There are 2 protein chains.
Amino acid sequence: MQKSNRALLARISLLIIVAFASAIGLGKTLAPGSPVTLDTLDYRVEATVWLDQLKYPWALEFIDRDTALVSEIGGNLLLVKNGKKPDQPVAGTPAVFRSGQGGLMDVALDPAFDRNGWVYLAYSHRLEGAKSGDNRAMTRIVRGHIRDNTWVDQEVLFEARPEHYLDSGIHFGSRIQFDRDGLLYFSIGERGRAQQAQDITRPNGKIHRIHADGSIPKDNPFVDSPGAYPSIFSYGNRNPQGLALHPVTGALWEAEHGPRGGDELNLIEAGRNYGWPAITYGIDYSGKPVSEFVSLPGMEQPVLYWRPSIATCAIDFYTGSLFPKWRNRLLVSALGFQELRLLTIDRDRVLHQEILMKDLGRVRDVKTGPDGAIYAVLNAPDSIIRLTPRE
Amino acid sequence: MQKSNRALLARISLLIIVAFASAIGLGKTLAPGSPVTLDTLDYRVEATVWLDQLKYPWALEFIDRDTALVSEIGGNLLLVKNGKKPDQPVAGTPAVFRSGQGGLMDVALDPAFDRNGWVYLAYSHRLEGAKSGDNRAMTRIVRGHIRDNTWVDQEVLFEARPEHYLDSGIHFGSRIQFDRDGLLYFSIGERGRAQQAQDITRPNGKIHRIHADGSIPKDNPFVDSPGAYPSIFSYGNRNPQGLALHPVTGALWEAEHGPRGGDELNLIEAGRNYGWPAITYGIDYSGKPVSEFVSLPGMEQPVLYWRPSIATCAIDFYTGSLFPKWRNRLLVSALGFQELRLLTIDRDRVLHQEILMKDLGRVRDVKTGPDGAIYAVLNAPDSIIRLTPRE
C-alpha cells in the first residue's frame, strides 16, 4: 500500500470512528450516576455503570437475580451481591499464571448449580514444578464450590500433558459453555503456535468437550485417534474467546479472535476443521500473508468474518424480556473496536448486523441478565455496564 | 421517536455519509478524463467514465468486447460500439409506458445469441386499446432481433391478462436472467398492491420462469393451480430489481427493493413464498408498520436484509480476471445509498460485505464486462463507469 493511501485510510478510520461515536451518542464518558443513551434501530437504550472499581474484569456469570460471579484476569473471583463489589475476593481460588493474555478467564455455573453448587473456571496454569524463569503455561479447567466466600472441593477437569505447556503469553482462549445435555465445551487458543491448531495430538487451537466431571464423552470425534486429545471436539480454531448455545436450536456458536481481517463467527460441529492457519480471510498483524487460501476442501467456512477485525471476544444470545425484538439475536463483543453488536441469525447464517454500542471501552464479556438487562464487561475503563430500555 | 432523537439520527446519518464519502475517496465528482481512485480492502481501483450523455440509463448488456446494449428508461435502446454513444437509438423498439418507475427496463441476450441473435427486453406496457387518461400498465417481456440498428421480428413472451393491468407508476421490477438450462427468469414488482404479491392468480410481486420462446416449462410449480399464472416461479417478492446466477452453483440470487429497512437478498427456489407483505424486516416508508411478523412458517427468510435500506437494485457475480480476489463474489448496486457493495458468498449465506464505491451516483445496474472490468450504470449523474485495478 502506498503512503498516501495509508494516510487516507488513517483519515477514513478516524472519520468513521467519529461518525460512529456520534451515532451511539458517545464521545461522552460513562461514569457512575451519569447514564449514556444509545440510539439503536429498535430501542433507545440506557447504559449505566453497574459495577466499577474492578481490575481487568474478564467474565460475568449470574447465579440469580441478586448474585453474580465476576472474574478478574489477575486471579480474583468476586461474589457480587446486589451490584456491590465485595470487600474480599473468594479465597483459595487457584493460582493463575498472569502473563500477557493469560490469567483467570471464564467462570461458569453447572446447569444443575441449584442442586450441586459446582462453579467452573478457565485459567492459565503454569507448568507444575517448573523452575523459576520457566514460564511454560497452558489453559486449565477446574471446578469447585464456594463456601463462606472460599473456593473448596476443587477438581481438575482438564489440563494439558506437561510436554504441551508452552512459553507464550498469548491465545489461551478461553470460554466455557454447557450444552442441553450437560456436556461442557471449552476453548483453548493456539498459543501463538498456529500450525498446532491443525494437530489433534496438541490441545491448543481447539474446542474441547468433556463431561462435567472431566470424563470424556464416548462419542467425542477423536476418542479412537492415536495420540489425540480425546477431549477435542473441533480443531483449526485460532483464539476462540466466545461460545454460546442457540436458545432455540441448541447449536454451538463460536467467535474466534482472528488474524488481521480474519475474525470469525463459526457454527461448531463435531470433528470439523475450522481451517486455521491453512485457510483464513485475514493476514498476519505484521502484514505478511498467512495463507493463500480462503477455502479448501474438508475445512469449514465461517458463518461470518470481520474485515477489518473488530477483535471479537464473548458472544451471548439475548434471551431476556426487556428487549423483546432482540430475543434469540446474538450479542457480539469486540475489544479493539470497542463495540457491542447485535446479529440477526437464521439457521446457519447472519441476516443483519447492527452496532449497538461503540467506544465505551473494550468489551470483554456480554451476558443477558436474569432481569432481562444486557450486561457488558468492559476493560479500559474497567467496569460492568447494564443496558435497559429507556422509556 | 422523539424529536431530539430524530435530530441526533439526522446528524449521525450526515456524519456517516461524510465518513464513507471520505473513505471511498469521494466528495469528488467523476467526470470524463478525471478518474477517481477507490481504496478497497483488496485493490486500489480506478473509476473512469466509460459512457456519458445518457438519459436515465437502466441496464447494460455486453454483446462482445466491443459492443454493448444500453437501455434508457424513456424507451431508447442504444447499440454502443467501442464505448461510443450511437447517433441514433435502435429504431422500432416497443413503445413504453413512461411513468414513475416505469419505462424501458432490462435488456438481456439469449444464451445462444451468437447463433440466434435474440435480444430480450422488459418494459412497462400500457393496456392495449386503453382510452386517453387510462394509465393502466404492467411489465411485459418481448424478444426481437436488431438488424441495421432496427428492432425486428418482435415476439411477445409474457404479458399480463388485461384485467391485471394496474393504474400505478411503481414497482414494475424488472430483471431478466437466464439459467444454465436456457430458462428465462424475470421479475415483476407488486405494483404498489402489496397483498397481490401473495396471490398466485396475479402476476405482480413474483419471479416468473418461461422458456426463451415464452412457452411454459412443464415443471413450473403452479402449472396445475387453477387460475394461477403458470409462469410463476416464486411469490411474495416486493420489487425485485436484481437477478443473478451463481457462476459455480447455478443458484438464482435475487435482490429485492424492500420497504423502509427491509431490502432483501434472497435465494430463489421453485414455488417458495418470500413473504411480502406477510413478513418483513421493514416498515412502510410512512413509518407505519407493515406486519408484526419477521418470520412465519412456510415463508422464506432472506439471506440478508439491509436496515436501513440501501435501496438495492441490480446484482451480478463478478466473473472476470482483473480482480482475481473478487471472483464469484456478488456485486450489489444501491440507488438511495449510491453504493456498489461486494459480498462474499458461501452456499446460502453472506460471510462479508464491503462498500466498494459510494456517492458517485445512484447505481442502477452492474455487470462484469468481457474485459474483466466492472461496469456500473449510474443515474444522477447519468453515466456508465468502468472500474479497473490501478497499478
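Visitor: How many residues sit between strand 15 and strand 16 of chain A in their hairpin?
Guide: Six residues, and Gly261(A) in the turn has a positive phi of about 85 degrees. Helices (H or I, at least four residues) and strands (E, at least two) are DSSP runs, numbered from the N terminus.

Visitor: Before we go on, what kind of model is this?
Guide: This is a predicted model, in which local features need pLDDT of at least 70 and side-chain atom pairs count only at pLDDT 80 or more, while totals for chains, interfaces and linings use all residues. Residues are numbered from 1 along each chain as its sequence is written, chains are lettered from A and ligands numbered from 1 in the order in which they are written, and side-chain values use heavy atoms, with hydrogens and water left out.

Visitor: Back to strand 15 of chain A. How many bridges does it share with strand 16?
Guide: Five, and the two strands pair in the antiparallel sense. Strands pair if DSSP finds at least two bridges between them. Glu254(A) has Asn266(A) in strand 16 as its bridge partner.

Visitor: And which way does strand 14 of chain A run against strand 15?
Guide: Antiparallel, joined by five bridges. Ala244(A) stands opposite Trp253(A). These two strands also form a hairpin with six residues between them, and Gly250(A) in that turn has a positive phi of about 75 degrees.

Visitor: Is strand 15 of chain A mostly covered or uncovered?
Guide: Mostly covered: five of its five residues, 252–256, are buried. Buried means under 20% relative accessible area, exposed over 50%, and partly exposed in between (1.4 Å probe, protein chains only).

Visitor: Which residues are on which side?
Guide: Leu252(A), Glu254(A) and Glu256(A) are on one side, Trp253(A) and Ala255(A) on the other, and both faces are covered. In a regular strand the side chains alternate between the two faces of the sheet.

Visitor: New topic. How many salt bridges are there over all chains?
Guide: The count comes to 41. A salt bridge here is a side-chain nitrogen of Lys or Arg within 4 Å of a carboxyl oxygen of Asp or Glu.

Visitor: What does Glu339(A) pair with?
Guide: Lys358(A), with the closest N and O atoms 3.0 Å apart. Glu339(A) lies in strand 20 and Lys358(A) in strand 21 of chain A, so the pair ties together parts that are 19 residues apart in sequence. Both residues are buried.

Visitor: And Glu128(A), what is its partner?
Guide: Arg140(A), at 3.2 Å between the closest N and O atoms. Glu128(A) is in the loop between strand 7 and strand 8 of chain A, and Arg140(A) is in strand 8. Glu128(A) is exposed at 53% relative accessible area, whereas Arg140(A) is buried at 8%.

Visitor: Which salt bridge does Asp346(B) make?
Guide: One with Arg347(B), at 3.7 Å from N to O. Asp346(B) is buried at 14%, and Arg347(B) is exposed at 54%. In chain A, salt bridges that share partners join Glu61(A), Asp106(A), Arg175(A), Asp365(A) and Lys367(A) into one network.

Visitor: Last one: is Ser234(B) buried or exposed?
Guide: Buried, with a relative accessible area of 0%. Ser234(B) is in strand 13 of chain B. Leaving aside neighbours within four places in sequence, Ser234(B) is in contact (heavy atoms within 4.5 Å) with residues including Lys206(B), Ile268(B) and Tyr274(B).
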